[in-house]
Amino acid sequence: MKSMEKSVNILIEKAENEGIELAWDRLKKQEPQCGFGLLGICCRICNMGPCRINPFGDEPKKGVCGATADVIVARNLGRMIAAGAAAHSDHGRDIVHTLLLASQGKARGYEIKDEAKLKVIAAEFKIDTNRDKNDVAKDLAKGVMQEFGMEKGEIQFIKRAPAKRREIWEKLGILPRGIDREIVEMMHRTHIGVDNDYANIILHGLRTSLSDGWGGSMVATELSDILFGTPKPVKSKVNLGVLKEDAVNIIVHGHEPTLSEMIVLASKDPDLIALAKKNGAKGINLSGMCCTGNEILMRKGVPVSGNFLNQEVAIITGAVEAIIVDVQCIMPSLTEIAKCYHTDIISTSPKAKFTGALHMEFHEDKGEDIAKKIVKKAIENFPKRNKEKVLIPDKPVEMYAGFSVEAIVEALGGKLDPLIDAIKAGKIKGIAAVVGCNNPKVKHDQSHVEMTKKLIENDILVLETGCVAIAAAKVGLLVPEASEKAGNGLKSVCKAFGIPPVLHMGSCVDISRILVAVSAIANALGVDISDLPVAGAAPEWMSEKAVSIGTYVIASGVFTVLGTVPPVLGSAEVVDLLTNGAEGLIGAKFAVEVDPIKGADLMIDHIKAKRKGLGL
Amino acid sequence: MKGIFIDIEKCIGCKSCEIYCAVSHSASKQIFSAIFEDPLPAERVKVESYNAFSIPIQCRHCEEAPCVDACPSGALSKETETGIVAMDQGRCIGCWMCAMVCPFGAIIPKMDSKVIIKCDRCPDLDEPACVNACPTNALLFGELSEVMKKSRKKAAQITISAIKKEISIGGLI
């Protein structure tokens, strides 16, 4: 079995019978994967190369320029962090742009949904908030834009971190100065012949990642809340069973909320619903996939059809009229697979085109109209569906999402104290942030689910985002009743407040919410984040974004377990710095553990040790 | 008789054969742990290049193996059943005579253990690790007669196509 999800395994078999190749098949064809790549000791940075280091101690021990394995591994890792930070931050930039257009009345359909949050954030930027909301929003958007290319000083949201944490960053010289600047500087430093000290490169990697977590990602989260509303607990459904045999099934897949919010509106348009009926369907059934799915799940309760490894098999159901994609984690294989069915792959971002896709470019200023056109296109595709090829093998599972920091505080009765008290009393032993992707090198969703279960059994409250949260939702861990699977302490807290033991906090940029939450707890206790009984994990990670996330999480003081091996093992020095030396520098480090249960054990041990440190 | 054959047109010099040869001769058989073993595992195949081309070179397990003739201690022998030139580590005295006479330089003296190492064709695997690891199928493992048959078929296709002009001349190059 390649997946934990019943329908995925059934659809994999269907694909096999139909001669359709999926990610698992392609992985098999890649194996064994390039050893130099796996170990991070291939350097393609200049054209004296490509160079490789012999991992078995023999020659060559240096690249043409003289770079050792340490320098090569550090440079490669630095560039992965930069790419990941760039992806999150460019997403953030789009949200700022949309906020500006909305405040100027230039983006029909978009408006300030959370004025209270607008005022809070604007006040952080020292903007006069006693004005019309659009004026405030305009100044805020312009203020945040400055954060991207800022010349001096530090980015605004970094001030939310506990004082002790900021002191560590200042001492190490890694306070992020500008969201784009750190990424650009990483590209500069890793150019041939610039930063030739592995530790110095890694330090800048920490800084670059912080410009993501406390910069680009946090901007994306906070400004999306202002534009689309701050999430509140919401009930929904998950897995491929959310697809309906008798409706026009539209999946939005990718990462940003700007387009998907408009698609949600369009899918409720009476004229379009009438058109769907005219075309023989009972209605329009919208679902989300990956993080754009999480965005509209969190704010609108739109059902989720799956996470990263669900995208190809969704087409195999034969019941999907259109997959509308924006950016990030969208497999290029989709258009090829879609050729075997009636499914339209509709690309919408000028940044992300797909050979063989239908491109209907999205622009915020005409968002509503374009969304309607896209939905209309999907509806018109419904009569082309071949009913004989339709297979929706499973029933959906109920779930709750929408746990923004604001929503958690509200659920706890207006303040964080009950959570802090529960931690102090030992009812909740600690908090774990389990985040990240899917990776066909791991059985789909298995590591996410096994680790999450083990953690809640041990009275650890689990905060999740992205593909992990969807995985946990599929096995019924995101409902209040799941507290029955938790230890007695966590169970009692969940029951008292009516919350699930695993809280869905949003998309991958929303890991910034977790930073805000742990900062608030650390501030309330007057300690640093690294003193808290908190641990992180990315059990099935695969993307460069995950590398940036993991790095800003440890740079923020949270011990983090990686469940797939990062391409760094070729340098013993870099490995030692990341899994050992980092502790002395930033009070947190990485561990690599492919077994999710052993990974959870590492987190539990860490949480126990931190409790001891706090005298709990 | 089975052997490892090389399609020189397909070798891109990626050295994946070297990496997975060493991994397959490690204690853990796993790349992420093999690189931390003591002693470090070593590869028995080396990719060499000439002009713009590269070629993996390992023991050819010669029918008339000069290394076997040169070995004074009886450490090297030609196995009749498998056809491989086998090495008995206990008997090797590290005189490097075999390395000296090997026309391919495929015998590797190991100074730390004072014995030679060479391709053993991965007796525990269905297919040698180097062949399995080659991403372009430049390395083939199979019966000599089958490989020769394949080569003849290819030659026939090229020759006939050229004469009959069924495909463009570009297909030849």
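Predicted model: local features only at pLDDT ≥ 70, side-chain atom pairs only at ≥ 80, totals over all residues.

Q: How do you know that the radius of gyration of chain A agrees with a compact globule?
A: The radius is taken over C-alpha atoms, and the globule rule is 2.2 Å times the number of residues to the power 0.38. For 616 residues that rule gives a value near 25 Å, and chain A has 23 Å, so the two agree. Along the principal axes, the C-alpha atoms of chain A fill a box of roughly 65 × 60 × 50 Å.

Q: What makes a residue of chain A count as buried, and what percentage of the 616 do?
A: Buried means that 20 or more other C-beta atoms lie within 10 Å of its own; exposed means 12 or fewer, and partly exposed is in between, with C-beta atoms placed from the backbone. In chain A, 61% of the 616 residues count as buried.

Q: Where do the domains of chain A run?
A: Domain bounds come from an automatic or database domain assignment. For chain A they are 57-228 for domain 1, 240-389 for domain 2 and 404-613 for domain 3.

Q: How do you know which residues of domain 1 and domain 2 of chain A are in contact?
A: Two residues are in contact if their C-beta atoms, placed from the backbone, lie within 7 Å. With that cut-off, 14 residues of domain 1 of chain A are in contact with 14 residues of domain 2 of chain A. On the domain 1 side, α4(A) gives the most, with seven residues.

Q: What makes up the side of chain B that touches chain A, by class?
A: The contact takes 15 residues from chain B and twelve residues from chain A. The largest share of the chain B side, four residues, comes from α1(B). Ala, Val, Leu, Ile, Met, Phe, Trp, Tyr, Cys and Pro count as nonpolar, Asp, Glu, Lys and Arg as charged, and the others, Gly among them, as polar. Sorted that way, the chain B side has eleven nonpolar, two polar and two charged residues.

Methods:
Residues numbered from 1 in each chain as written. Chains lettered and ligands numbered in written order. Helix = DSSP H or I, 4+ residues; strand = E, 2+ residues; numbered from the N terminus.
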